[in-house]
Amino acid sequence: MEFTAKQIADLIGGRVEGNENAKINTFAKIEEGKEGAISFLSNPKYTPYIYETKSSVVLVNNDLELEHPVACTLIRVENAYECVAKLMQMYAQMMPKKKGIDSLAFVAKSAKIGKDVYIGPFACIGENVTIGDGTAIYPHVVVYDGCKIGNNVTIHAGSVIGADGFGFAPNTEGYEKIPQLGTVVIEDDVEIGANTCIDRSTMGQTIIHKGVKLDNLIQVAHNCEIGENTVMSAQVGMAGSTKIGAWCMVGGQAGFAGHIKIADRTFIGAQSGVISNTKGNGEQLIGAPAIDPKLFFKAQAVVKRLPDMYRELNALRKELEELKKSK
Amino acid sequence: MEFTAKQIADLIGGRVEGNENAKINTFAKIEEGKEGAISFLSNPKYTPYIYETKSSVVLVNNDLELEHPVACTLIRVENAYECVAKLMQMYAQMMPKKKGIDSLAFVAKSAKIGKDVYIGPFACIGENVTIGDGTAIYPHVVVYDGCKIGNNVTIHAGSVIGADGFGFAPNTEGYEKIPQLGTVVIEDDVEIGANTCIDRSTMGQTIIHKGVKLDNLIQVAHNCEIGENTVMSAQVGMAGSTKIGAWCMVGGQAGFAGHIKIADRTFIGAQSGVISNTKGNGEQLIGAPAIDPKLFFKAQAVVKRLPDMYRELNALRKELEELKKSK
Amino acid sequence: MEFTAKQIADLIGGRVEGNENAKINTFAKIEEGKEGAISFLSNPKYTPYIYETKSSVVLVNNDLELEHPVACTLIRVENAYECVAKLMQMYAQMMPKKKGIDSLAFVAKSAKIGKDVYIGPFACIGENVTIGDGTAIYPHVVVYDGCKIGNNVTIHAGSVIGADGFGFAPNTEGYEKIPQLGTVVIEDDVEIGANTCIDRSTMGQTIIHKGVKLDNLIQVAHNCEIGENTVMSAQVGMAGSTKIGAWCMVGGQAGFAGHIKIADRTFIGAQSGVISNTKGNGEQLIGAPAIDPKLFFKAQAVVKRLPDMYRELNALRKELEELKKSK
C-alpha cells in the first residue's frame, strides 16, 4: 500500500508543508527514518531529529517552529501523537487480517467456534470450549476443556487457559490432589499476551471480565476474578481466589496474595507485593508489603542512610550517657 | 451423572435433612449456588448464604444451628470441608480419564512409554525419553532427549523439561557455550503446572523427587534438586545447583541464589530472596534477603516511619549539642 | 563413543597417573562418579571425593597432593576446570547435531531459511521471517511474521518471538489497541532459553544484538534493545523502550522500568528493580530501587535492627527531655 502526503493529510485533516506527492508506504521512528516512511514529532526532546531524519514525511504539531528548512515534507495537525495512532489503526485495519481455523490446529469436535475467528497452527481447543465471534487465537495457545472465550478476544502464542488450579491437601505420605472441576470464562474484548497462564477454578469459574488487557508471562490462579478494563503488565502473579476490581493498573512483576480484594481504579506499582484488601477507588500502592508511593520513595531514600543513622544513634547514646554522668 | 441427596449421604456417612430425593449433578460455591448443585458450608463467614443459596443440597457440619428454615436440603457430616473434597475426588475418578497417545503428539521412536499414559496433542517427547505408568502429559509439553519421567506424573500444557542449562564461559569476543550433557529426572507422583521450565544438568541430573508439586511459570535451573513432597507456588525461580529439602513450602515469585542448600520443612514466603544455606527443619523465612517473618514484618512496620525517624535523629543531635554548649 | 585415559590425556596435553587404558564413555560429577565416567576436581572443597569416587578417570590440577593412593586413574593438567569444559565442547561437537526442518514444523512459504538450520516439531515460523545459517529453533518456538533471526542462533522450546507489544490507549469505554507494526531482530550467536517472550515493536524494531544470552521465562517488551554479549538470568523483565548496553550481566527476576538506558558492563543483582538511567561502565547495582551493592547489604543488615532502633530513639528522646527539665 502506498499513499501520498496529500492523501494522508486529507484523511486526518492536516496541512501539507513541502512535497504533496511525497510517497509513503510504512511507519518509522523519527530517529530511525528512511525513505518512504512517515514519522511523527511530539516530544520536544526529539525536535533536533526533524533536521536530519530520512523519513519522507513527518507529522508535526501545528505550533512547531522551525529554525531552518527541512528536507522532509511536513503534515501539520493539532495533535501529532493522536494522529499517528489513528493512522496506525487505519493501516492495521487495511492489512489482511488472519482468519479461519488453520489446518494444523486441533479443535475438539464438541467445541463451538464463532464467526470470523482465527485459530493458528498448533493451537489446541479442548472439548466443549466456546469461542466467540471475531476472536483470534494465536499459534500454540491451549484452551482446556469447558472454557468459554468471548467475542473479539485476542490470545497470543503459548498462553494456557484452564490448566488445573494448584490445589493439594497434605496427608502423612504426601499431597492429595483436590480436583479442579471449574472452568475459565474470558469475556469480550480481552487481550492476553504470550505464555500467560489462567488456571481453571476448583468449582465455579475463574473470570476475566470485559476489556481486560494482560501482558506476557502472567499467572492468574484458580478462582481469581479480574474486573473490567483492568490492565496488567508482564510477569504479574495472582494467588488463588483474589479479586481485582475494574479499571486497575498493575505494574510488571507485582504479586497478589490469595483471597484478597482490590478496589476499582487501584494503581499498583511494579514489583509490589499486595497482601491485604485495599481501601478504595483511586488508591496507589507500591512496595512489598505495598504502601503509599510517596511514603515508599521517602522511606527508600532513608534506607540508604540507615548505616549512618545506626552509627549516629549509637553516638548519641554515648554522648547522652556522658552528659548524664557529668552532671 | 446424577445422584440423590440420599445416595450422597450414604456414600459419605451423612444425615439428610430435607428432601432425600433432591437431585444433584454438579458442584457450586454456596454463594454461586444453582439448582442441581451441591455446595458446602464450613467457614462461619459464609453462614448467611445458607438461607439464600439456590443450590439443591448443602453439606454442613453436624453442629450447625439454623436460625430459621432453609430452602435447600442439608446433609449433616462431621467435617463438611473434608467431605466435599472426598466427593470431588470420587467425582473426578468417575469422569472419563484422558488416555492414550494423541495422534497429533510427536513421540520419538526410541522413547519408552509406560501403561495408561496420556500424551496430548502437540506434545513432543524426545529421543530415549522414558515415561512411567499412569502419567499425563498435556498438550504442548516438550520433553527433551534423554529425560526420565516417573509414574503418575502430571505435566500441564507448555512446560519444558530438559532444555539446556544456562552455562556460558566468557572469552574476549563473547561467550562460549558450556555443553549441557546431563538430563532431568522427575520421580513418581510429581505434578508440574503450565509453562514451567526445568533445565537439564551440565552433567549428571536435575532431580525432582517423589511427590513434588510445582505450580505454573517456575524456573528450575541446571543441576538443581527438589526434595520429596516440596510444594512451590507460581513464578518461583531457582538458580543453578541449588538443593531444596523435603516437605518445604515456597511462596509465589520467591527466588533462590545458586549453589545453596535449603533444609527440610523450610517455609519460604512469597517474593523472598534466599541467598544462603538455611539452618534447619521448620525454619520460616521471608523478605529479600530472607529473614525471620516476625522480624521482617516488625522491621517493615518501622520502615514506614523512617522519614520521621530521620528527622527525629537530626533533632536529637541538635538539641544534644545545645545542651552540651549550655553546660 | 569410548576413549582411553591415554587418548584423553594426549588430546588435552595431560599426564596419566594410573591405568592408561581405563575406558571412559561419559561425564559425571566427582561426587556422583560411576564406572566409565570421567570427572574433574578443581574446588578444594571436593578433594575428599577423590578417595571414594567411582569414576574411572579424574582430571586434576598438576599441584594436587594426595594423602594416600586412589582407586581411580588421574590425568594431571594445568587447569582441570578449563580442560573439562574443553572436553565437553569436543564431546558435544562429536554428537550428532539436530538438523533439518522437521516435517511437523510449520514454516510459511514466504519465510527464508538459511543453511544447516534445525527447526523442531511444532515450531511455527511466520510469513516473511528470515532465519540465518546454522540456527537451531527447538520445538514449539513461535516466530511471528516479519521477524529476522541471524546466524548460529539457538532458541529453546516454547519461546515466542514477535508477539504484539503491550500498547493500549484508554478511552471512556475501555482501551483501544495501538497496532504493533514493527518487528524483532535477533542478531548472530544469540541464545534464548525456554518460554521467553520478545515482543515486536510498535514501529521499527526490538533488537537483540550479537552474542546476547537470555535464560528462560524472560520478558522483553516492545522497542527494547539489548547490547552485544549481555547475559540475563531467568525471569528478568524489561518494560517498553528500555535499552541495555553491551557486556552487562543481569541476575534472575530483576526488572527494568520503561524508557531507561543501562550503560555497558553494568552488573544488576537478582530481584533488583532498576528505575532510572545508570551512570557508566562497570557499575554494580542491587535492590529495588537498585543501589550500590555494598550500601545495599549494609543497609539491609541495619533493617533487621530497625525495631530496636525505633525503641532506642524513643528512649533517647525521653531521657533528653528529662535531662533538659532537670537543668
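This is a predicted model: local features need pLDDT of at least 70, side-chain atom pairs count only at pLDDT 80 or more; totals for chains, interfaces and linings use all residues.
**Exercise 1. Describe the overall build of chain A: what are its secondary structure, its radius of gyration and its box?**

Step 1. Start with the elements. Chain A holds 4 helices and 36 strands.

Step 2. Turn to the radius of gyration. Chain A has 27 Å, whereas a compact globule of 327 residues would have a value near 20 Å.

Step 3. Along the principal axes, the C-alpha atoms of chain A fill roughly 85 × 75 × 30 Å.

Step 4. Check the contacts. Take those in chain A with a separation of 6 or more: residues 24 or more positions apart account for 17% of them.

**Exercise 2. Work out what the surface of chain A is made of, and how its charges are placed.**

Step 1. The accessible surface of chain A is about 14200 Å². Carbon and sulfur atoms hold 50% of that surface.

Step 2. Count the charges. Chain A carries 34 positive and 37 negative side chains. The centres of these two sets are 4 Å apart.

Step 3. Of the 327 residues in chain A, 56% are buried.

**Exercise 3. Size up the interface: how many residues of chain A and chain B are in contact, and what area is buried between the chains?**

Step 1. Interface size is often given as the accessible area lost when the parts come together.

Step 2. Apply it. Chain A and chain B bury about 4800 Å² between them. Carbon and sulfur atoms give 68% of this area.

Step 3. A:Phe166, A:Tyr175 and A:Met203 supply 16% of the area that chain A buries against chain B, more than any other three residues.

Step 4. Count residues. On chain A, 67 residues are in contact with 56 residues of chain B.

**Exercise 4. Decide on A:His222: is this residue buried or exposed?**

Step 1. Locate the residue. A:His222 lies in the loop between β26 (219-220) and β27 (225-226) of chain A.

Step 2. Apply the cut-off. A:His222 has a relative accessible area of 13%, and buried means under 20%. Therefore A:His222 is buried.

Step 3. List partners beyond four places in sequence. Among them are A:Phe166, A:Gln180, A:Asp199 and A:Arg200. A:Gln180 is 42 residues away along the chain, with 8.5 Å between the C-alpha atoms.

**Exercise 5. Repeat for C:Gly193: where is this residue found, and is it buried or exposed?**

Step 1. C:Gly193 sits in the loop between β22 (191-192) and β23 (197-198) of chain C.

Step 2. Its relative accessible area is 6%, so C:Gly193 is buried.

Step 3. Beyond four places in sequence, C:Gly193 is in contact with C:His156, C:Ser159, C:Leu214, C:Asp215 and C:Asn216.

Technical notes. Residues are numbered from 1 along each chain as its sequence is written. Chains are lettered from A and ligands numbered from 1 in the order in which they are written. Side-chain values use heavy atoms; hydrogens and water are left out. Helices (H or I, at least four residues) and strands (E, at least two) are DSSP runs, numbered from the N terminus. The radius of gyration is taken over C-alpha atoms; the globule rule is 2.2 Å times the number of residues to the power 0.38. Buried means under 20% relative accessible area, exposed over 50%, partly exposed in between (1.4 Å probe, protein chains only). Contact means heavy atoms within 4.5 Å. Accessible areas come from the Shrake-Rupley method with a 1.4 Å probe; for residues, only the protein chains shown count as cover. Lys and Arg count as positive and Asp and Glu as negative; His and the chain ends are not counted. The place of a charge is taken as NZ of Lys, CZ of Arg, CG of Asp or CD of Glu. Buried area is the accessible area (1.4 Å probe) that two parts lose on being put together, summed over both.
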